[in-house]
Amino acid sequence: MPELPEVETVRRGLNRLVSGATIASIDVYWPKIINNDVDSFKQRLAGQTIQTVDRRGKYLLFRFSGGLTMVSHLRMEGNYFVMPTGEGRTKHTHVVFHLTDDRDLLYNDTRKFGRMTLVPTGEELTVGGLAKIGPEPVASDLSVAYLTEIFQKSKKMIKPLLLDQSKVAGIGNIYADEILWLSKIHPMRPANSLTVAEITTLRQNIIDEMAKAIKGHGTTVHSFSNAFGEAGQFQNELHVYGREGEPCERCGTLIEKIKVAQRGTHFCPHEQRL
C-alpha cells in the first residue's frame with residue numbers, strides 16, 4: 001500500500017501536471033470506486049478546474065473550483081497518469097477525467113480497492129479515516145509531549161501503534177520497520193514501556209525518515225509509481241525492510257522477519273532487544 005511518502009510524491013506530480021486544468025467530462029468504468037452517485041459525481045465536476053492537490057495522511061485532496069473537494073484514497077495499488085486524450089487506457093483504467101486541453105487524467109487500479117468521494121470543500125475531514133486521523137509526521141505537528149501522552153496510555157505493541165492512523169498519520173509497514181530499527185526499539189515493545197529519551201529519539205527518526213523518503217520519491221516494492229509513471233527510489237535506502245537473512249548494517253547480526261499484528265516485520269535481534 002502506498003504510504004505517506006508515496007502519496008506525497010503523487011501529489012507533487014499531480015500539481016505539476018494538472019493544477020489549473022479544467023474537467024471537460026468523466027468516464028467511470030468501475031462505479032464502486034466512486035462513493036457518490038456516479039452520474040452526480042460526473043455532472044458536478046464537469047466544467048470545474050483543478051485548483052490544487054493537497055494531502056492529509058495517505059489521502060489525496062483534489063481542490064476544485066465551485067467549492068468542491070475530491071478525496072482520493074489509492075489503497076493498495078491506485079495510480080494516476082496523464083496522457084494525450086484517448087491514449088493510455090488499459091483494462092486497469094477505471095476512471096478517466098477528460099481535460100479541456102486534449103489530455104486525460106487516468107486512474108488505474110489493478111485491485112480496484114481505491115475510492116473517490118466528492119464533498120463540499122470544508123467537509124473532507126468527515127470522509128472515512130480522515131475523521132479521526134492523527135498529526136502529520138512533521139516537526140510542527142508531532143511533539144514529544146503528544147507521543148509521550150498516547151504511549152503512556154497504551155500497553156499495545158509499539159509497531160501496530162505506529163501503524164494506527166488515528167495516532168500518527170501516514171506511517172505504514174515499511175517505514176514503521178525502518179523507524180524502529182533506527183531507534184533501536186523492538187517492534188513488540190509495549191508502548192508504555194518506552195522512556196522519554198526513547199520517545200524523543202523515535203519522534204526524530206519518524207520526522208527524518210519520512211522526509212528522506214519523500215525526497216527519494218517514495219519506495220517501490222511492488223508496483224508503486226508516481227504521477228509521471230516513474231518508480232520511487234527510496235527502496236535503495238532501506239536498512240531493514242525486506243532484508244531478512246542479511247547482516248545488520250550496525251552489528252552484523254542477521255536480520256529476522258516475524259509477524260507482528262499480522263504484518264511482516266523486520267528487525268535486528270541484537271540491536272532491537274525485547
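Over the ring of which residue does the charged end of R250 sit?

1. The charged end of R250 sits over the ring of W181, 3.7 Å from its centre. R89 is placed likewise over the ring of Y29, at 3.5 Å from the centre. A charge sits over a ring if NZ of Lys or CZ of Arg is within 6 Å of the ring centre and within 35 degrees of the ring normal.

2. This is a predicted model, in which local features need pLDDT of at least 70 and side-chain atom pairs count only at pLDDT 80 or more, while totals for chains, interfaces and linings use all residues. Residues are numbered from 1 along each chain as its sequence is written, and side-chain values use heavy atoms, without hydrogens and water.

3. Ring pairs link F62, Y80 and Y107 into a cluster. Rings of Phe, Tyr and Trp (its six-membered ring) pair if their centres lie within 6.5 Å; planes under 30 degrees apart count as stacked, over 60 as edge-to-face and the rest as tilted. The F62 and Y80 rings have centres 5.3 Å apart and planes at 55°, so this pair is tilted. Y80 and Y107 also form a tilted pair, 5.1 Å centre to centre with 55° between the planes.

4. E6 counts as buried (under 20% relative accessible area; exposed is over 50%, partly exposed in between; 1.4 Å probe, protein chains only) because its relative accessibility is 3%. E6 and A213 are 207 residues apart in sequence, yet 8.1 Å apart in space, C-alpha to C-alpha.
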